[in-house]
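Please read them with the structure open.

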Amino acid sequence: MTLVSSSAVLRDVSVKYEGTTVLGPINLNISSSERWVILGPNGSGKTTLIKILSLYRYPTTGTVEVLGETWGATDVRALRQRIGLASSSLRDQFRSDIQGLDIVMTAQHGALETWWHNYSEQDRSAAMDCLNRVDATALATRRFHTMSSGEQQRVQLARTLMGDPDLLLLDEPTAGLDLAGREQLVNSLAAVAADPETPATVLVTHHTDEIPPGFTHGLLLRGGAVMACGPLDQILTAESLSKCFGLSLRLEKRDDRWLSWATS
Ligand SMILES: Nc1ncnc2c1ncn2[C@@H]1O[C@H](COP(=O)(O)OP(=O)(O)OP(=O)(O)O)[C@@H](O)[C@H]1O
Ligand SMILES: [Mg+2]
């Protein structure tokens with residue numbers, strides 16, 4: 001793993017579709033030891049920001065630096081290989097009967113299938129380690145379409161860890177999970193966050209109770225605009241959250257978890 005102090009730097013970044021700004025302007029500096037959570041209502045620009053950080057959506061304005069390289073002046077395909085990405089659009093692209101271990105291994109070559117590359121025993125054991133890190137070794141030989149949503153999410157999380165990425169981007173890994181599935185995934189994410197080997201991590205969620213313990217920074221978006229940005233304990237308040245979601249909310253931190261609810 002290459003150590004860099006800043007894993008991602010966005011300067012005056014904005015994204016417009018047909019003249020309408022859907023994100024920004026935003027300035028962001030993500031350091032290698034930081035774990036960021038992006039919170040915001042539907043349509044607030046979270047996935048757009050993940051697309052920028054994963055180098056799939058070039059911004060309308062501003063500059064993007066990822067892992068010390070400036071987008072536009074570097075081999076973006078090589079850079080993407082160093083990023084572990086999990087998202088629902090990626091999940092939808094896996095062949096339905098591909099096995100768990102193969103899904104994880106494909107990340108080695110930024111592929112979605114094992115057919116196009118040769119994999120060694122070392123690759124297999126590395127993929128098994130990644131499954132082990134998220135408590136999912138039992139899913140190695142299970143076919144993707146037979147897994148529950150929570151199991152599919154855990155396999156995807158394991159996939160992001162393959163090949164020792166230098167940046168982890170997780171877009172709503174807890175979406176659609178039941179209580180037990182969500183808690184299991186939050187625990188896995190907390191374990192990943194606590195590991196000093198884990199690189200800078202950015203997690204998107206809609207819910208404060210899905211912020212895993214150990215996350216350090218937060219970005220609150222509303223209508224593409226930054227409502228708050230910085231160390232989580234400083235910026236995540238009832239006021240900032242209420243402003244972000246457009247309703248009066250209470251917020252409490254208990255047992256290292258963030259609980260929020262609407263006031264009547
Ligand atoms: N290709 C596109 N063309 C036009 N508008 C787009 C396009 N992609 C996204 N948008 C708009 O940009 C805004 C931000 O979308 P984005 O997907 O980033 O939101 P989000 O915060 O991830 O929402 P959600 O919580 O529902 O996933 C939305 O209003 C969306 O309709
Ligand atoms: Mg989204």
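1. Basis. This is a predicted model, in which local features need pLDDT of at least 70, side-chain atom pairs count only at pLDDT 80 or more, and totals for chains, interfaces and linings use all residues. Residues are numbered from 1 along each chain as its sequence is written, while chains are lettered from A and ligands numbered from 1 in the order in which they are written.

2. The six-stranded sheet. One open sheet has 6 strands in the order β6-β7-β8-β3-β9-β10, and its pairing is mixed. Its edge strands, each pairing on one side only, are β6 (83-86) and β10 (225-231). From one strand to the next the twist averages 10°. Strands here are DSSP runs of E with at least two residues, helices are runs of H or I with at least four, and both are numbered from the N terminus. Two strands pair if DSSP finds at least two bridges between them.

3. Strand β7 (residues 167-171) runs parallel to strand β8 (residues 200-205), with 5 bridges. D171 has V204 of β8 as its bridge partner. β3 and β9 are also paired in the parallel sense, over 4 bridges, and I38 is bridged to L219 in β9.

4. How much of β9 is buried? Of its 6 residues, 5 are buried, so β9 is largely enclosed by the rest of the structure. A residue is buried if 20 or more other C-beta atoms lie within 10 Å of its own, exposed if 12 or fewer, and partly exposed in between, with C-beta atoms placed from the backbone. β9 and β10 run antiparallel and are joined by 6 bridges; L220 has A228 in β10 as its bridge partner. The hairpin of these two strands has 2 residues between them, and G223 takes a positive phi near 55° there.

5. α1 lies across β3 (35-39), β7, β8 and β9 (217-222), and runs at about 155° to β7. That angle is taken between N-to-C directions on a scale from 0 to 180 degrees, using axes fitted to C-alpha atoms, for helices over the stretch in contact. Which residues surround ligand 1? They are Y17, V22, G40, N42, G43, S44, G45, K46, T47 and T48. A residue counts as near the ligand if its C-beta atom, placed from the backbone, lies within 6 Å of it. Helix α1 (residues 46-53) gives the largest share of this shell, 3 residues. By class the shell has 2 nonpolar, 7 polar and 1 charged residues. In this scheme Ala, Val, Leu, Ile, Met, Phe, Trp, Tyr, Cys and Pro count as nonpolar, Asp, Glu, Lys and Arg as charged, and the others, Gly among them, as polar.

6. The core. The largest nonpolar core has 63 residues, and those with the most contacts inside it are I38, V104, L131, A158 and L169. Such a core is a set of buried Ala, Val, Leu, Ile, Met, Phe, Trp, Tyr and Cys residues joined through C-beta atoms within 7 Å. Leaving aside neighbours within four places in sequence, A158 is in contact with V104, C130, L131, R133, V134 and A136. Contact requires C-beta atoms, placed from the backbone, within 7 Å of each other. In soluble globular proteins, nonpolar side chains tend to be buried together.

7. Strand β1 (residues 6-17) pairs antiparallel with strand β4 (residues 61-66) over 5 bridges, and S14 has T61 of β4 as its bridge partner.

8. The peptide bond from G24 to P25 is cis, with omega near 5°; P25 is in strand β2. D12, in strand β1, has a positive phi near 50° although it is not glycine. D12 counts as exposed because it has 12 C-beta neighbours inside 10 Å.

9. The β11-β12 hairpin. Strand β11 (residues 249-254) and strand β12 (residues 257-262) pair antiparallel over 6 bridges, with K253 opposite W258 in β12. There are 2 residues between the strands, and D255 takes a positive phi near 50°. D256 lies in the loop between β11 and β12 and has a positive phi near 70°. With 11 C-beta neighbours inside 10 Å, D256 counts as exposed.

Technical notes:
Two residues are in contact if their C-beta atoms, placed from the backbone, lie within 7 Å.
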